[in-house]
Amino acid sequence: MILKLFGKMVRNWKAKLISLIIASIFYVNLQNSKVLIKTINVPIDYPKLSGNLSYAKNPEKTIPIRVEGLKDVVNYYSQFMKAVIDPEDVQLGVTEVPIKKIVGVPSGVKVTKLKKTVPVEIESRGLKVVPLEVVFEGNPPPNFEKLTQILSPQKITLSGKPQDLEKINKVVLPEISLVDRKEPFAKTVKIPELPKGVGVLGSRDVTVNVNIIPLSYKTGEQTAAGIPIVCSGLDPKLDVELSEEQVAIRYFSLKPIRSAQILTGITAQVPCNYIFDPIKNKIIPELQPQIAKVRIIKNKDLKGIEILQISPEKVEIRYKVKDQGIDSDPTDDGTGMEGPGQDPSDRS
């Protein structure tokens, strides 16, 4: 029985061997057709720089790598691969930074880095706080005048090379027209283009609130809007953000009074009494926002008027710690350079 089986197996053995070899060749070719080897460029993930450091030039955006694996897997996952740089390898000056790893590579795919380092140039940039200045074009109609203007923000922080920042002591905003203006208005303007290499930290939008009032004397009950809110007792280590920048009042006067007298003789004040504890490194108290009542302070010439209503009566105050190394004092802008003597957003 066994001999019969063996005889059948060895019968036509040459033809069977040739068939086996051909089948093996077809199988290997089929498997090879599923494997893909190709070169792709993957993006480089550069670390964010802290403090006053910045990339001096645009570093290389991609590096080439060779990927090997199943065709469908390689084609799909290639879009998620990227080269990663260790933040500890980024140093001041020009250095060849190693590409330590490629992330987003699935199991079963082999990756070979065709470029193992990239040149990176890091420079130290200075910071400078400068005031903003607004310029007006034309005048309001007869019997109207511009009383005050309030800028938000009043100052901006510039970043750039110290020698470039030294030349800038203020930034002048685009002109705002007062022609045909008979009432208060607000206008948002863009910070103009700065010298090459100088940038702005934060938003480039500035809101200018302009107070236009009639040149008239009135008695009885009246209203006045656009009175700026002043924050009193603020810790110099803190900055504040008020939910409202101005208030409107309703008042009564037996004597004729000019609108300008109200806006120049009345101050709206809120107590900003939170403090920064340097030992605990936090703002005290921690509960924010603070709800504060608006207090109206009148100068001696307006003692006879009666305040009937304040709108809003209360505002929300949010505190934040000032940026380290940036002094908001206009005479000390953080670079050791002398700034201008007067804030352009002061009342005119």
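# A walk through the predicted model

By the sulfur-distance rule (a disulfide is a pair of cysteine sulfur atoms within 2.5 Å), the count comes to one disulfide. Before you start clicking: this is a predicted model, where local features need pLDDT of at least 70 and side-chain atom pairs count only at pLDDT 80 or more, while totals for chains, interfaces and linings use all residues. Residues are numbered from 1 along each chain as its sequence is written, and side-chain values use heavy atoms, with hydrogens and water left out.

**Stop 1: the disulfide**

Select Cys231 and Cys272 and show their side chains. Their sulfur atoms sit 1.5 Å apart and form the disulfide. Turn the view to look along the S-S bond: the torsion about it is about -130°, so this disulfide is left-handed. Cys231 belongs to strand 18, while Cys272 is in the loop between strand 21 (266-271) and strand 22 (275-277), so the pair ties together parts that are 41 residues apart in sequence. Strands here are DSSP runs of E, at least two residues, and helices are runs of H or I, at least four residues, numbered from the N terminus.

The cut-offs: buried is under 20% relative accessible area, exposed is over 50%, and partly exposed is in between, using a 1.4 Å probe and protein chains only.

**Stop 2: the second largest pocket**

Stay with strand 18 and colour residues 217-232. Strand 18 gives the largest share of the lining of the second largest pocket, five residues. To find the middle of the pocket, select Pro214, Thr223, Ala224, Ala225 and Ser259, which lie nearest its centre among the 20 lining residues. The volume is about 290 Å³.

A word on how that was worked out. On a 1 Å grid over the protein atoms alone, a pocket is an open set of points where a 1.4 Å probe fits, with protein on both sides within 12 Å along at least five of seven lines, and lining residues have an atom within 4 Å of a point. Grid points are joined across faces, edges and corners, and the volume is the space filled by probe spheres set on the points.

Next, colour the contributors. Strand 17 (205-214), strand 18, strand 20, helix 5 (259-265) and strand 26 (306-311) each supply at least two lining residues. If you colour by domain instead, domain 2 (126-215) and domain 3 (221-321) each give at least three residues to the lining; those bounds come from an automatic or database domain assignment. By class, the lining has 12 nonpolar, six polar and two charged residues. Here Ala, Val, Leu, Ile, Met, Phe, Trp, Tyr, Cys and Pro count as nonpolar, Asp, Glu, Lys and Arg as charged, and the others, Gly among them, as polar.

**Stop 3**

Select Ser253 in strand 20 (residues 246-258). Ser253 is buried, at 4% relative accessible area. What does its side chain reach? The backbone oxygen of Lys255, at 2.7 Å. That is a polar contact: a pair of N or O atoms within 3.5 Å, where within protein one must be able to donate a hydrogen and the other to accept it, and residues adjacent in sequence count only if both atoms are side-chain atoms.

Then jump to Lys128 in strand 9 (residues 126-133). Lys128 is buried too, at 1% relative accessibility. Follow the side chain of Lys128 to the backbone oxygen of Ile168, at 2.5 Å, and to the backbone oxygen of Leu165, at 3.1 Å.

**Stop 4**

Most residues other than glycine have a negative phi, and most peptide bonds are trans. Here are some exceptions.

- Ser152 to Pro153: this peptide bond is cis, with omega near 0°. Pro153 is in the loop between strand 11 (144-152) and strand 12 (155-160).
- Ile284 to Pro285: cis again, with omega near -10°. Look for Pro285 in the loop between strand 23 (282-284) and strand 24 (290-293).
- Asp180: phi is positive, near 65°. Asp180 is in the loop between strand 14 (176-177) and strand 15 (185-190), and is exposed at 63% relative accessible area.
- Asn281: phi is positive, near 55°. The loop between strand 22 and strand 23 holds Asn281, which is exposed at 59%.

**Last stop: Thr62**

Finish at Thr62 in strand 3 (residues 62-70), which is partly exposed at 36% relative accessibility.
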